[in-house]
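Please keep the sequence and the model in view while reading.

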Amino acid sequence: MTGVENTSELLVETVTTVNGREVRASVPARLHVADFLRQHLGLTGTHVGCEQGACGMCTVIVDGEAVKSCLMLACQLDGRSVRTVEDLAEGDELNGLQQAFKQEHALQCGFCSPGFLMTATALAHQGGRPDRAEIREEIAGVLCRCTGYDTVVTAIERWFAEHPQAVTDPIATQG
């Protein structure tokens, strides 16, 4: 590889909202959302693991649904809204879900944490209050090598119990 960019690659104009901010970009047609977020926008909280959609580390929320960003093209974001893990906290203040993860020691090494956090946030968009079995089923798409998942499930369960407004307004999860 020479380090020279391939200038013949097709670029696609896209306008999307990322973490509440409008983003206009010319993106290569085959650029994945994970790479767009990390390399073009500097949002490195979206982790890249397997690049095949199997590990869930790259989970983000697109229009309220959990999406594995390594399986979606950046040009598909046109006209859509994206939330990343960077959007959960307000400044240096962790939101309620992040606090629950901290209190329940659900972080371990932290590499998979953004995937769990975004999956749980998307779960709140679905409405209702999931039980342990439903939480386990939802987070099954995020793989972790450090934990037995019990603390993760407990943290998510705690968040739903302590922040009932998260079910109707997932953004209102501060504190």
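The points below concern salt bridges and strand pairing.

1. Basis of the note. The model is predicted, so local features need pLDDT of at least 70 and side-chain atom pairs count only at pLDDT 80 or more, while totals for chains, interfaces and linings use all residues. Residues are numbered from 1 along each chain as its sequence is written, and side-chain values use heavy atoms, with hydrogens and water left out.

2. Salt bridges overall. Eight salt bridges are found in a search of the whole structure. The term denotes a side-chain nitrogen of Lys or Arg within 4 Å of a carboxyl oxygen of Asp or Glu. One of them joins R24 to E22, with 3.2 Å between the closest N and O atoms. R24 is exposed, its relative accessible area being 63%. Here exposed means over 50% relative accessible area, buried under 20%, and partly exposed in between (1.4 Å probe, protein chains only).

3. The pair R80 and D63. These two residues form a salt bridge whose closest N and O atoms are 3.0 Å apart. The pair links distant parts of the chain, 17 residues apart: D63 lies in the loop between β3 (59-62) and β4 (65-68), and R80 in the loop between β4 and β5 (81-83). Helices (H or I, at least four residues) and strands (E, at least two) are DSSP runs, numbered from the N terminus. Both residues are partly exposed, R80 at 31% relative accessibility and D63 at 44%.

4. The pair R158 and E104. A salt bridge of 2.6 Å, N to O, connects the side chains of R158 and E104. Here 54 residues separate the partners, R158 in helix α5 (residues 150-162) and E104 in the loop between α2 (96-103) and α3 (113-125). R158 is partly exposed, with a relative accessible area of 26%.

5. Strands count as paired if DSSP finds at least two bridges between them. Strand β3 runs antiparallel to β4, with four bridges, and antiparallel to β5, with two bridges. I61 has A66 as its bridge partner in β4, whereas V62 stands opposite V82 in β5.

6. The hairpin. Two residues lie between the strands in the hairpin of β3 and β4, where D63 takes a positive phi near 50°. D63 is also the salt-bridge partner of R80.
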